Amino acid sequence: MLLLTVVAPVLGTNCYVVAADGGRECVVIDPGIGVAEALEKVFAEYALEPAAVLVTHGHLDHTHALSELCRGRDLPVHLHEGDAYRLADPLGSLGPQLSAQFAQFGADWTPPADVRPFGGDETVLELAGVGLRAIHAPGHTEGSTLYYAPADDVVFTGDVLFAGTVGRTDLPGGDDALMRATLTRLASEHELPGPTTVRPGHGPASTLDRERASNPYLRGL
């Protein structure tokens, strides 16, 4: 699997470009604020054509470039139904304090035309030749989702799990109890293998083994 990372200039959100080995089509995960131009350069450099977009959750710093990315392209956007409402107003759904802080980024927002919500605890997606398990992981938001690629043993965790810490639960839609339940699942070897590479929504990569051993929010669960 080809896996490329574009780090957004605002809040350092990791946007991932994923393609099957030798494939011409790719999947974009979490296109955040200010990554559209860099993504176009990646597409050109690697001769890739985006075929779909995955969203780990509906916060603006993970969705803002959807407007530019989908403009002029017939791109389906996949996310859990619990967060689908956020694409209508990603700024407003942050709550009054953060909405005011990021108001400048909401003015040019255009919701994507082709949104394909999925439901349930798990959904299997086959996009651009890449097989993924979409695992519902609420707590940070209602529809937060992990995307696990079993063939390559990598999981995209959005703002659920980071290297050394976890996502906040104090924003609208956050829930401490649901986050604990999600983290309890992640702490179990029965959910995902320990060697799995963790590609978070912000910050450096890690592995589940490392997080299970050292992350204070996973230890003991």
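The model is a predicted one, which I kept in mind throughout.

Entry 1, the cavity. With a cut-off of 30 Å³ or more, I counted one cavity, and the largest cavity has a volume of about 30 Å³. I listed its lining as Ile135, His136, Ala137, Leu146, Thr182, Arg185, Leu186 and Glu191. By class I sorted these residues into four nonpolar, two polar and two charged. Strand E8 (130-136) and helix H5 (176-186) each supply at least two residues of this lining, and H5 gives the most, with three.

For the largest pocket I noted a volume of about 280 Å³ and a lining of 15 residues, with Leu11, Asp61, Asp159, Arg168 and Leu171 nearest its centre. The lining of this pocket has eight nonpolar, four polar and three charged residues.

I then asked which residues of H1 (residues 36-45) are buried, and found Ala36, Leu39, Val42 and Phe43. Because they cover an arc of only 115° around the axis, they sit on the same side of H1. On the other side of H1 I found Glu37, Lys41, Ala44 and Glu45 exposed. The cover over the buried residues of H1 includes strands E1 (2-7), E2 (14-19), E3 (25-29) and E4 (49-54), together with helix H3 (66-70). Following H1, I noted Ala47 with a positive phi, near 55°.

Key:
Residues numbered from 1 in each chain as written. Predicted model: local features only at pLDDT ≥ 70, side-chain atom pairs only at ≥ 80, totals over all residues. Heavy atoms only, no water. Buried < 20%, exposed > 50% of the residue type's maximum accessible area, 1.4 Å probe, protein only. Helix = DSSP H or I, 4+ residues; strand = E, 2+ residues; numbered from the N terminus. Arc of directions from axis to C-beta. Contact = heavy atoms within 4.5 Å. 1 Å grid on protein atoms, 1.4 Å probe; cavity = no way out; pocket = protein on both sides within 12 Å on 5 of 7 lines; lining within 4 Å. Points joined across faces, edges and corners; volume = space filled by probe spheres on them. Nonpolar A, V, L, I, M, F, W, Y, C, P; charged D, E, K, R; others polar.
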